[in-house]
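The structure is shown first, and the findings follow.

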Amino acid sequence: MILKNKVINFLGDSITQGVGGTGFAQDGEVIPFSGSEWRVNTSGYCWANIFKDYISSKFGNTVINYGTRGVRSYDIARELAANNGYVTDEDKLLIVMIGTNNKWAPSYGNLPDLKNDLQFIVDWCEANGKKLILISAPMSTVQTD
C-alpha cells in the first residue's frame, strides 16, 4: 500500500507524542482530544516525527501526530466513537500505537479489554473507510514493569 498526497494521522500515547525525546515541545495545534490541553509536538525527536519527515518528503503526505500523554486504548476507542475531530474525513491512514498505559488503568487495564478496544478501532476504521496500521507495545503489569 503506497499512499501519496494523503493525510496520515498518528494516534497514541506519550511514546507517539515524543515525550522525553530530544527537543520535545508542545508547540503545535491543540490536539482535539476530549478534555485535553495537549498540543502537537511538531519537531521533537521521536519515532512518529522521524517517520513523518520521511513519508512527507518521499510521498507528499501530510502527517499529523496526535499522540497524547497518558492515553489508553479505551480512550482512543472513545474518541473515535465520539467523532469529535480527533480523526477527520481527510485522514486516509491511521497509525495507532497504543497499549502501554493500559496497565495503569484501574479499569480497562487487562488483556481482554485491550483486545476489545483494538477490535473496536479495527472495526471503526473499516466502517469509516480508513486504512489502519496498529502498533502495540507488549502489555506488562505494574509488578513486571
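Across the whole structure, a predicted model, a search finds four aromatic pairs. One of them joins Phe10 and Phe51 in an edge-to-face arrangement, with 5.9 Å from centre to centre and 80 degrees between the planes. This pair links distant parts of the chain, since Phe10 belongs to strand E1 (residues 7–12) and Phe51 to helix H2 (residues 47–59), 41 residues apart. Phe10 is buried, at a relative accessible area of 0%, whereas Phe51 is partly exposed at 32%.

Phe33 and Tyr86 form another edge-to-face pair, 5.3 Å centre to centre with 65 degrees between the planes. Phe33 is in the loop between H1 and H2, and Tyr86 is in the loop between helix H3 (73–82) and strand E3 (91–97), so the pair ties together parts 53 residues apart in sequence. The relative accessibilities of these ring residues are listed below.

| Residue | Relative accessibility | Class |
|---|---|---|
| Phe10 | 0% | buried |
| Phe51 | 32% | partly exposed |
| Phe33 | 10% | buried |
| Tyr86 | 1% | buried |

Ring pairs also link Phe10, Trp47 and Phe51 into a cluster.

Thr16 itself lies in helix H1 (residues 14–17). Because its relative accessibility is 0%, Thr16 counts as buried. Thr16 and Asn65 are separated by 49 residues in sequence, yet their C-alpha atoms are 7.4 Å apart in space.

Definitions and conventions: Residues numbered from 1 in each chain as written. Predicted model: local features only at pLDDT ≥ 70, side-chain atom pairs only at ≥ 80, totals over all residues. Heavy atoms only, no water. Helix = DSSP H or I, 4+ residues; strand = E, 2+ residues; numbered from the N terminus. Buried < 20%, exposed > 50% of the residue type's maximum accessible area, 1.4 Å probe, protein only. Phe/Tyr/Trp six-rings, centres within 6.5 Å; stacked < 30°, edge-to-face > 60°.
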